[in-house]
Amino acid sequence: MLRPGLLQKALTAPAVAEAATKCDPQAISGVALGRRSRTSPTMRLSRSSLLRLRPALILAILAPALFTACVVDGNQSPFNAAGPVAEDQKNIFIFIFVIAVVVFVLVESALLYSIVRFRQKGTAAKLPNQTHGNTRLEIGWTLAPVLILAAIAIPTISLIFDQDKGPVRGQVPDNPLAIDAIGHQWWFEFTYPGEDVVTANELHIPVDRAVEVNLISDDVIHSFWVPQLAGKVDMIPGRANRLFIQADEAGTFLGQCAEFCGEAHANMRFRVIAESADDYQAWLDGMRRPPASPEPGSPAAAGQTVFAQNCSTCHTANSYRPEVARAERDAQLGRQSAFKLDPENSRIISAPNLTNLALRSHFAAGIIELNEANLRKWINDPNDIKQGNRMSKQAAIYNDPASALSSEEVDQLVAYLMMLTPVAADAVPEAMEETGGEVSSENGEQLFLNTGCSGCHSTGTNTIVGPGLGGLSDRAGSTVESLSAEDYVAQSIVSPSAYIVGGAPVSAMPGTFGAQLSAGEIDDLVAYLLSLE
């Protein structure tokens, strides 16, 4: 036990007085209790060294990002302009940047001069001479910014109005190519009005021709951006925007959505493929020809059935037919409307057009090369390639164990999709021939499989998206008093919302089949549906 005399002696020791003078509580405590401080000189030196090195460490971490940002010849660098729109925008940026650099140098030079010239000398505490007001200086630094801003604003505003007329400054193009670009979560759809061509995520344009891109969004705000061809323009639901682009050279230019639009925004990309006028026309012609029919009994033939039963509800693969291409916009809006009715449980959603898919170099909104291995990987688990995609959330094959595809079915589907390339120009397009003559329920069965009916309707009594069609003939004739069974079913195909049955949601079925199918094909489809027991 510590005696009072010893405690008093310890507390009045010179060490305590010295620690108190330094205002170091830890030292006071340590000395008073006869212990040394736990913070060693080596630790204090280490901490101080780290503090001195902090700016260097931060610079070392940020340097790679800064150097990466300085790449001017990258495939998404606006400094690597490949068309007149991007070239003019680059030049106006450089003009403004030079002015900004000059202003920065002048201001910083004046600041450094003032710091050095008028710094306090010696230990005198006397205040420097105070100056209040200088009319000439005040007029000067008021007029200078006005003149600088005018020098920037006049050419900038002039360029904005000029580029609204066409891609070449101040010139209205004689025959611009019109293209509709539609933003979806999270992919781009491209339609060519007047050409009956629809595609997704790869935009083909001819070199040296003005292209007017009409910007549309079906869901949220997106932004259309191809840095080497033009700056960003928003795609706003309910509002039509546009921009002009033009490529001066052949090549592939990367684009992407530049407005945050949801979970998979970072992977919403596309490609612009600029090619000669002849190559562009050849691509257009190819998109209007059907793919070759798979050999009966082949994996691709089986894959066609797998596609029709599981994928055709959301994906169109036959817009090589003009009537289907013209109806695609309405079909996508119908899918989107059905999705909005119940986003959590819907098994239908607007999805990329897959007509002649094998002509494309990439898929999944342009993020991965199109080949068998990648396509198989995508079908097995879309989230492994593109996180947040709607396909894995909405498609029945990923959410209903009874609908899941076997590995054999995946291989068959891959085989079918990889053969979706147009037949030769001189081949007989059997798929586009008009069926005539007598009504054929066999042809109706093929239409049921190939037009997406089987993706929503079973041939039994179970409900998928729409009601099962088994035994339709028993109830169709009595559903609407004034219509026969044949007329009722035909009317329901052409105008799905005319008669809602079994609580099915309004507009869940696209009202585009009247435009997609001929009168003979509708008769064939009706005959098949009424034959189901």
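**Salt bridges and a helix pair**

Asp-411 is partly exposed, at 38% relative accessibility (buried is under 20% relative accessible area, exposed over 50%, partly exposed in between, with a 1.4 Å probe and protein chains only). This is a predicted model, in which local features need pLDDT of at least 70, side-chain atom pairs count only at pLDDT 80 or more, and totals for chains, interfaces and linings use all residues. Residues are numbered from 1 along each chain as its sequence is written, and side-chain values use heavy atoms, with hydrogens and water left out.

Start with the partner of Asp-411. The side chain of Arg-376 meets Asp-411 in a salt bridge, 2.8 Å from N to O (a side-chain nitrogen of Lys or Arg within 4 Å of a carboxyl oxygen of Asp or Glu). This pair links distant parts of the chain. Arg-376 sits in helix α10, residues 372–380, and Asp-411 in helix α13, residues 407–418 (helices are DSSP runs of H or I, at least four residues, numbered from the N terminus). The two residues are 35 apart. Arg-376 is partly exposed too, with a relative accessible area of 26%.

The whole structure holds 13 salt bridges. Among the residues involved, Asp-164, Glu-212 and Arg-242 are linked in a network.

Now turn to Arg-321. Arg-321 forms a salt bridge with Glu-323, and the closest N and O atoms are 2.8 Å apart. Arg-321 counts as buried, at 11% relative accessibility. Glu-323, at 23%, counts as partly exposed.

Arg-321 also forms a salt bridge with Glu-521, with the closest N and O atoms 3.0 Å apart. Arg-321 lies in the loop between α8 (299–310) and α9 (322–341), while Glu-521 is in helix α19, so the pair ties together parts 200 residues apart in sequence. Glu-521 is buried, with a relative accessible area of 8%.

The axes of α17 (residues 485–494) and α19 (residues 519–530) come within 10 Å. They cross at roughly 120° (axes are lines fitted to C-alpha atoms over the stretch in contact, with angles from 0 to 180 degrees between N-to-C directions). From α17 come Ala-485, Glu-486, Val-489, Ala-490, Ile-493 and Val-494. They meet Ile-522, Leu-525, Val-526, Leu-529 and Leu-530 of α19 (contact means heavy atoms within 4.5 Å).
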